[in-house]
Amino acid sequence: MATPNGTNMACPAPMKATSNGAFQGDDPLHFALPLLILQICLVIVLTRALAYILKPIRQPRVIAEIIGGVLLGPSAIGRSKTFLHKVFPTRSMTVLDTIANIGLLFFLFLVGLELDMRSIRRTGRKALGIALAGISLPFILGIGTSFVLRSTISKGVSRAPFLVFMGVAMSITAFPVLARILAELKLLTTDIGRIAMSAAAVNDVAAWVLLALAIAISGSDDSPVIALWVLLCGVAFLIVAFFVLRPGLALMARRSLEGEPVKEIHICITLSLVLAASFITDTIGIHALFGAFVVGILVPKEGPFAGILIEKIEDLVSGLFLPLYFVSSGLKTNVATISGATSWGLLVLVICTACIGKIVGTFIVSRLCKVPLRESLALAFLMNTKGLVELIVLNIGKDRKVLNDQTFAIMVLMALFTTFITTPIVTAVYKPARKAAPYKHRTVKRKDVDTEFRILACFHSTRNIPTIINIIESSRGTRRQKLCVYAIHLMELSERSSAISMIHKARSNGLPFWNKKHENKDQMVIAFEAYRQLSSVIVRPMTAISAFSNIHEDICTSAAQKRVAIILIPFHKHQRLDGTMESLGHSFHLVNQRVLRHAPCSVGILVDRGFGGTTQVSASNVSYKIVVPFFGGPDDREALAYGMRMAEHPGILLNVIRFVPSPGKSLKFDKSVIEDNVDHEEDELMLSEFKSTNSNKEKESSNLYEEMLVENKAEVVDALKALNKYNLFLVGRMAPTVPLVNKTDCPELGPVGSFLASSEFSTTASVLVVQQYNPSANLHPLVEEQAYYGETSSRPDSPHGVPPV
């Protein structure tokens with residue numbers, strides 16, 4: 001090959017795929033496959049480390065991935081020519097970019113799967129107006145900024161494509177990133193969250209349309225006829241996809257039945273359609289990404305088909321391939337090109353213009369729509385979120401020579417800055433108060449026994465549901481008062497694409513509830529709906545979607561707002577087939593501890609060993625033996641109160657065993673007897689009430705009471721082991737006795753509960769460890785209580801004007 005100087009320069013030989021190994025004298029970094037593996041591992045380690053570092057300040061993972069890409073590029077680590085030529089040589093960039101773009105294709109397919117066009121059609125005028133303002137004003141300011149850039153650092157670029165690319169880059173709101181920020185800040189179910197999500201969905205679709213226009217007019221041929229042909233062919237592709245692909249995808253979705261595995265051929269056909277559509281749109285000239293995005297939008301969102309597709313590919317795409325795109329972008333970003341007062345001044349101008357356009361436009365329209373001041377300001381900053389789509393626009397612009405190195409670096413830093421400031425500013429400007437009406441029935445034990453009894457039952461998976469339903473059935477009693485159960489499914493908010501699907505469900509149904517939609521096919525919800533129809537119990541399924549680090553806030557807030565008497569949460573360990581207890585994870589353990597600390601009512605931790613078996617037991621077949629080991633104290637009294645309520649069920653036998661120390665000793669088995677007289681009197685009153693209730697029953701043998709004299713800890717342990725044939729133990733959390741196990745990793749269960757939950761105790765008896773609500777111990781309540789005056793039927797959960805309980 002001849003150079004302009006007349007000298008000959010040989011083209012670098014293409015890289016072979018695999019090496020013969022270091023022992024054969026081959027350098028693995030000179031071969032495509034081992035080099036690609038090294039690049040992927042390096043990218044994943046760096047971006048995940050950055051994500052971990054940025055997690056305390058609640059930054060989305062996309063920030064870590066953008067920063068990681070920039071750091072590996074010529075702006076930081078890549079300033080070392082040795083590193084850049086060794087790890088990211090020019091010869092390897094074709095392979096890296098190809099793999100990155102394949103990952104990007106399928107990620108855009110996932111974005112299309114997440115975007116429900118029905119929600120956009122249902123967008124209200126307020127959200128639509130905010131979306132249009134959030135697009136139009138930044139777009140206009142972006143065009144204005146482009147004139148300044150063309151006269152300084154972007155001289156000679158085509159005017160029309162540059163104007164449109166700058167306008168699109170300024171006006172984008174990153175829908176997936178915004179959804180995760182809203183969920184992280186627990187704003188999803190607020191008015192501001194609903195408006196932001198609807199406006200961002202409209203913005204997302206509009207941005208793709210504008211980007212298609214920008215690509216169409218940015219071709220190498222300046223003829224407007226070519227651009228027109230590209231646009232017409234793009235419209236034709238959309239029409240064909242809608243009338244040909246959509247029915248085929250709908251047919252496959254209909255044949256994918258709930259509860260049955262999706263056929264492998266259906267998955268294969270769909271993913272092949274993604275690639276085929278990408279090829280067509282790339283051939284047309286509007287980039288391969290559009291084909292993948294359109295197929296994702298056309299996949300029906302009803303039924304399990306879309307969810308299965310997400311599960312099949314999201315981890316591979318988001319975890320391995322997508323970070324490569326950020327590195328590919330970062331290798332093109334050289335912050336060093338921003339030098340001198342002019343360049344830095346332009347960076348400040350671009351950031352200010354982008355922020356002013358989004359923030360001012362959204363804020364003004366929000367105020368005109370009568371959104372309160374602080375909510376309008378928070379909404380304005382939320383709509384200023386950028387992300388992956390922004391990088392896609394910038395990279396396409398750079399590949400098409402619309403953006404030069406300096407402009408590209410300025411725009412990348414603008415996207416990084418605007419997204420980085422979103423979470424801290426919104427947190428500072430707007431934190432919705434968690435409010436609830438004060439109520440008095442916060443415990444199972446109460447004077448007015450005919451009031452409605454409310455339970456908040458939490459579960460992580462289907463494993464807990466049969467036992468929870470059987471406990472609810474046992475709690476019905478025979479009194480006239482109603483039993484109302486809020487069954488809350490605890491789901492972890494992750495960085496996965498499937499989290500967006502969960503977010504959609506929560507958002508479309510209000511606070512983390514999704515029981516309002518009758519067509520919901522969630523198996524866990526169906527189980528509770530079936531129980532509700534077969535019994536007289538009011539059951540309301542709910543869903544809480546949060547990070548496990550703060551999901552306790554959702555639990556405690558829901559408990560206060562629904563005015564429940566007790567929260568039932570599953571123990572963080574489950575029993576294996578060999579009888580040993582296996583931990584589900586430390587995060588579950590911490591959730592339980594935080595709920596105990598902040599709960600606005602009593603709490604019960606359920607150690608599930610199959611209470612009632614693995615299926616729901618009908619009311620006529622209930623036959624359980626329940627025991628309450630009574631040591632004294634408020635928690636034991638609460639456990640006894642719950643047991644007395646269960647004992648009203650005709651199929652339940654309750655046995656109360658009171659442990660009494662020998663004279664001159666306490667249940668801590670020391671010589672000093674320090675007894676709380678008030679506590680002792682309340683214990684005696686509670687036991688007297690149980691005895692009198694039992695004596696009034698027609699079948700006196702239905703409930704048993706006995707006192708057991710114990711001399712030491714060993715006798716208590718032996719007595720409890722003798723009771724291990726019972727179905728359920730109800731025990732107070734902080735019983736006034738010596739710990740029954742020498743060492744435990746579950747101190748939150750208390751001295752008795754820790755022993756009952758251990759593998760050495762039993763393999764069949766379930767345990768409910770109860771903590772009675774103590775208002776003096778709840779020094780930092782999560783919910784602000786406000787009295788409601790003059791409210792009747794308008795109060796939530798107060799049907800027919802019944803006052804709050």
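Helices (DSSP runs of H or I, at least four residues) and strands (runs of E, at least two) are numbered here from the N terminus. The model is a predicted one, with local features needing pLDDT of at least 70 and side-chain atom pairs counting only at pLDDT 80 or more, while totals for chains, interfaces and linings use all residues. Residue numbers start from 1 along each chain as its sequence is written, and side-chain values use heavy atoms, with hydrogens and water left out.

On that count the protein comes out with 26 helices and 14 strands. Of its 805 residues, 55% are buried, meaning under 20% relative accessible area, with exposed set at over 50% and partly exposed in between (1.4 Å probe, protein chains only). Taking contacts (heavy atoms within 4.5 Å) with a separation of 6 or more, 79% come from residues 24 or more positions apart.

Ten strands make up an open sheet with mixed pairing, in the order 4-3-2-5-8-13-12-9-10-11; two strands pair if DSSP finds at least two bridges between them. Strand 4 (538–546) and strand 11 (703–710) sit at the edges, each pairing on one side only. Ignoring direction, neighbouring strands are turned by 20° against each other on average. Strand 5 (residues 566–570) and strand 8 (residues 602–607) run in the parallel sense over five bridges, and Ile569 has Ile605 of strand 8 as its bridge partner. Helix 21 (residues 551–562) packs on this sheet, touching strand 2 (453–459), strand 3 (483–492), strand 4 and strand 5, and its direction makes about 150° with that of strand 4. Such angles run from 0 to 180 degrees between N-to-C directions, with axes fitted to C-alpha atoms, for helices over the stretch in contact.

Most residues other than glycine have a negative phi. Arg563 is also buried, at a relative accessible area of 2%. His287, in the loop between helix 11 (264–284) and helix 12 (288–298), likewise has a positive phi, near 75°. At 19% relative accessibility, His287 counts as buried.

Elsewhere, helix 7 (residues 159–171) and helix 17 (residues 405–429) pack at about 15°, with axes 11 Å apart. Phe162, Met166, Ala169 and Met170 in helix 7 meet Thr407, Met411 and Met414 in helix 17.
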